[in-house]
Amino acid sequence: MKNSNDIKDKTILIVDDVLTTSATINEISKVLLEHNANKIYFLTITSKKNIN
């Protein structure tokens, strides 16, 4: 990441077309939190997992 100040104390929305293993969301969250993001929200259009 070039400049941590770009996301410091920001609220971030990540949009992903398909949720499969959640690995992408988990890794992005780790990086954003390491760079002091305030809040992170996720919007997924569809899921490969069965939700009961």
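The legends below describe close-up views of a predicted model. Residues are numbered from 1 along each chain as its sequence is written, and side-chain values use heavy atoms, without hydrogens and water. Local features need pLDDT of at least 70 and side-chain atom pairs count only at pLDDT 80 or more, whereas totals for chains, interfaces and linings use all residues.

**View 1. Overall fold of the protein.** Among contacts (heavy atoms within 4.5 Å) with a separation of 6 or more, 81% join residues 24 or more positions apart.

**View 2. The largest nonpolar core.** Six residues, I7, I12, I14, L32, A37 and I40, form this core, defined as a set of buried Ala, Val, Leu, Ile, Met, Phe, Trp, Tyr and Cys residues joined through side-chain atoms within 4.5 Å. Buried means under 20% relative accessible area, exposed over 50% and partly exposed in between (1.4 Å probe, protein chains only); of the 52 residues, 21% count as buried. Leaving aside residues up to four places away in sequence, I12 touches I7, L32, A37, K39, I40 and Y41.

**View 3. Residue I45 in strand β2.** I45 lies in strand β2, and this residue counts as exposed because its relative accessibility is 63%.

Methods:
Helix = DSSP H or I, 4+ residues; strand = E, 2+ residues; numbered from the N terminus.
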